[in-house]
Amino acid sequence: GDQCGFLAREIYLLLKRPDEAGRLAGLPALPDTTRLPRALYLSFVDQYRRSGDLAAVDRVLQQWGPVYGPLAGLEALQYAMGEAFLRAGDATAAEEHLRLVPPGDSLYVPALLLIALVQDRRGERESALETYRRVTALGPGPYRARGLARTADLEFQLGRVREALASYERLLQSSPPRDEEVWAVYQAGNCHLLLGESESAKERYATVAKLWPRSFWAPFVKERLEEMAWRAQWTGGNAAQ
């Protein structure tokens, strides 16, 4: 009897009729697993997810989950919830769900990449850097490329130019997508320039100008090359005087 009331209350909540749910008092807070099977738990989770009520999915997972115990297939749901909370702007909730995807699962590396993105957006650069490095070590294909790209970018932002250059070189050796490749060559040029290796910098900038003349970064390398030529001419003129 009380389990029928429990179900009725949950259905009212699912139908967004909280007043009627509130009138069903004196009912258990949790389902009785001897009467309500795991399939029902998964059905409610799925229906709440379809309704777009992330808070309700979160509530059912947290309250009912320990009662039913670990269930196969929930890793994909945790990942989907992490993505949904991230889109909704709740980075903390997103990270909580993403961390529930276990190592070895097919979604573990994508979840790590999103966790790194959350840390990155919060300005936690050292934590993000470490997580991106884990993605790089574990992830194949595009995940490895993204991990390498952001590892290099963060090292560059933190002033670790030599490390950043090595990471950009590793990225270029991993057959990255074209956008990542152009960016890595351009940034490698910037690293060489900061390290005082002007000839190597010019080679990288010239490569971008030659291979990707219509890319977003082409105007930037043109300016760099013109500036370097002007500086060389100015320095040479002063030396002659």
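Let me start with a term: buried means under 20% relative accessible area, exposed means over 50%, and partly exposed is what lies in between. Arg 17 has a relative accessible area of 35%, so Arg 17 is partly exposed. One caution before going on, everyone: this is a predicted model.

Let me stay with Arg 17 and talk about charges. The side chain of Arg 17 meets that of Glu 20 in a salt bridge, with 2.7 Å from N to O. Glu 20 is partly exposed too, at a relative accessible area of 24%. How many salt bridges does the structure hold? There are 20.

Here is another one, from helix H12. Glu 199 forms a salt bridge with Lys 202, and the closest N and O atoms are 3.1 Å apart. Where do these two sit relative to each other? They are three residues apart in helix H12, which runs over residues 198–211, so about one helical turn separates them. As a reminder, an α-helix has 3.6 residues a turn, so residues three or four places apart point the same way. Lys 202 is partly exposed, with a relative accessible area of 31%.

The side chains of Glu 180 and Arg 146 meet with 2.9 Å from N to O. Glu 180 lies in helix H11, residues 178–194, and Arg 146 in helix H9, residues 141–157, so the pair ties together parts that are 34 residues apart in sequence. Is Glu 180 buried or exposed? Glu 180 is buried, because its relative accessible area is 12% and the cut-off is 20%. Arg 146, on the other hand, is partly exposed at 30%. If we leave aside neighbours within four places in sequence, Glu 180 is in contact with Arg 146, Ala 149 and Leu 171.

There is also a network to show you. Glu 95, Arg 99, Arg 122 and Glu 124 are linked by salt bridges. Glu 95 belongs to helix H6, residues 91–98, where Ala 93, Ala 94, Glu 95, His 97 and Leu 98 are buried. What do the buried residues of H6 pack against? They pack against three helices: H4 (54–68), H5 (74–87) and H7 (108–121).

On to the aromatic rings. A pair of aromatic rings is described by the distance of the centres and the angle of the planes. The count here comes to 13 aromatic pairs. One of them is Trp 183 with Trp 217, a tilted pair at 4.7 Å centre to centre, with 45° between the planes. Trp 183 lies in helix H11, while Trp 217 is in the loop between H12 and helix H13 (218–240), so this pair ties together parts that are 34 residues apart in sequence. Tyr 186 and Phe 220 have ring centres 6.4 Å apart and planes at 55°, so that pair is tilted as well. Tyr 186 is in helix H11 and Phe 220 in helix H13, so here too the parts tied together are 34 residues apart in sequence. Tyr 186 is buried, at 5% relative accessible area, whereas Phe 220 counts as partly exposed at 32%.

Please also look at one aromatic cluster, formed by Phe 6, Tyr 41, Phe 44, Tyr 48, Trp 64 and Tyr 68. Tyr 41 takes us on to the largest pocket, as one of the lining residues closest to its centre, along with Leu 61, Leu 74, Gln 78 and Leu 100. About 290 Å³ of space lies in this pocket, and 15 residues line it. Which helix gives the most to the lining? That is H4, with four residues. H4, H5 and H6 each supply at least two. By type, the lining divides into seven nonpolar, five polar and three charged residues.

My last stop is Val 45, in helix H3, residues 38–51. Val 45 is buried, with a relative accessible area of 3%. Not counting residues up to four places away in sequence, Val 45 touches Val 57, Val 60, Leu 61 and Leu 77. For a sense of scale, Val 45 and Gln 187 are 142 residues apart in sequence and 46 Å apart in space, C-alpha to C-alpha.

Definitions and conventions:
Residues numbered from 1 in each chain as written. Predicted model: local features only at pLDDT ≥ 70, side-chain atom pairs only at ≥ 80, totals over all residues. Heavy atoms only, no water. Salt bridge = Lys/Arg side-chain N within 4 Å of Asp/Glu carboxyl O. Buried < 20%, exposed > 50% of the residue type's maximum accessible area, 1.4 Å probe, protein only. Contact = heavy atoms within 4.5 Å. Phe/Tyr/Trp six-rings, centres within 6.5 Å; stacked < 30°, edge-to-face > 60°. 1 Å grid on protein atoms, 1.4 Å probe; cavity = no way out; pocket = protein on both sides within 12 Å on 5 of 7 lines; lining within 4 Å. Points joined across faces, edges and corners; volume = space filled by probe spheres on them. Nonpolar A, V, L, I, M, F, W, Y, C, P; charged D, E, K, R; others polar.
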